[in-house]
Amino acid sequence: MAYEVNGTTIEADENGYLTDLNSWNEEVAKVIAAAEGIDELTKEHWDLINYLRSTYINENGEQPNNRVINKAMAEAWGRKVGSKDVFLLFPLGPSKQAGKIAGLPESKRKGGY
């Protein structure tokens, strides 16, 4: 599988996850999001995407589960955040779907907690 972004082919695995973390940028994220059925990435989408990228890159490949994501977004957004809030942003799962849009490898974890 591959994504076409501004005339460039970006390689992905059979599930749509990028094969090279360094091929990601915001334009790539928008193309992946559109392929995932998310037409617009809001500030809250970007907060979560950037959090996942930062955590993965700066914490030796850590991919937070949904509970950790909720806590981090509550801190970032200054309000209580529950699973419903992040699933409204990423209906197929904040950890997996947002991770895909963030250009991260596929998380193999099953649940959110």
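**Around helix H5**

Touching, or contact, means heavy atoms within 4.5 Å.

Quick housekeeping. This is a predicted model, where local features need pLDDT of at least 70, side-chain atom pairs count only at pLDDT 80 or more, and totals for chains, interfaces and linings use all residues. Residues are numbered from 1 along each chain as its sequence is written, and side-chain values use heavy atoms, with hydrogens and water left out.

pLDDT is the predictor's confidence in each residue, from 0 to 100. The protein chain averages 93, and 96% of the residues score at least 70. Among the elements, helix H5, residues 94–101, has the lowest mean pLDDT, 94, while helix H1, residues 26–35, has the highest, 98. Helices (H or I, at least four residues) and strands (E, at least two) are DSSP runs, numbered from the N terminus.

The covering comes from, among others, strand E1 (2–5), H1, H2, helix H3 (66–77) and helix H4 (83–89).

Now, how does H5 sit against helix H2, residues 43–58? They pack at about 85 degrees, with axes 9 Å apart. Axes here are lines fitted to C-alpha atoms, for helices over the stretch in contact, and angles run from 0 to 180 degrees between N-to-C directions. H2 and H5 are therefore roughly perpendicular to each other, a label for angles of 65 to 115 degrees. H2 brings Leu48, Ile49 and Leu52 to the contact, and H5 brings Pro94, Ser95, Ala98, Gly99 and Ile101.

Next, the core. The largest nonpolar core has 29 residues, and Leu48, Ile49, Met73, Phe90 and Ile101 have the most contacts inside it. Such a core is a set of buried Ala, Val, Leu, Ile, Met, Phe, Trp, Tyr and Cys residues joined through side-chain atoms within 4.5 Å. E1 and H1 through H5 each supply at least two of its residues, and H2 gives the largest share, five.

Last stop: past the end of H5. Just after the helix, Gly103 takes a positive phi of about 80 degrees. Ser107 is in the segment after H5, and Ser107 is buried, with a relative accessible area of 4%. Again leaving out residues up to four places away in sequence, Ser107 touches Gln63, Ser95 and Lys96.

Note on methods:
Parallel < 35°, antiparallel > 145°, perpendicular 65-115°, else oblique. Buried < 20%, exposed > 50% of the residue type's maximum accessible area, 1.4 Å probe, protein only.
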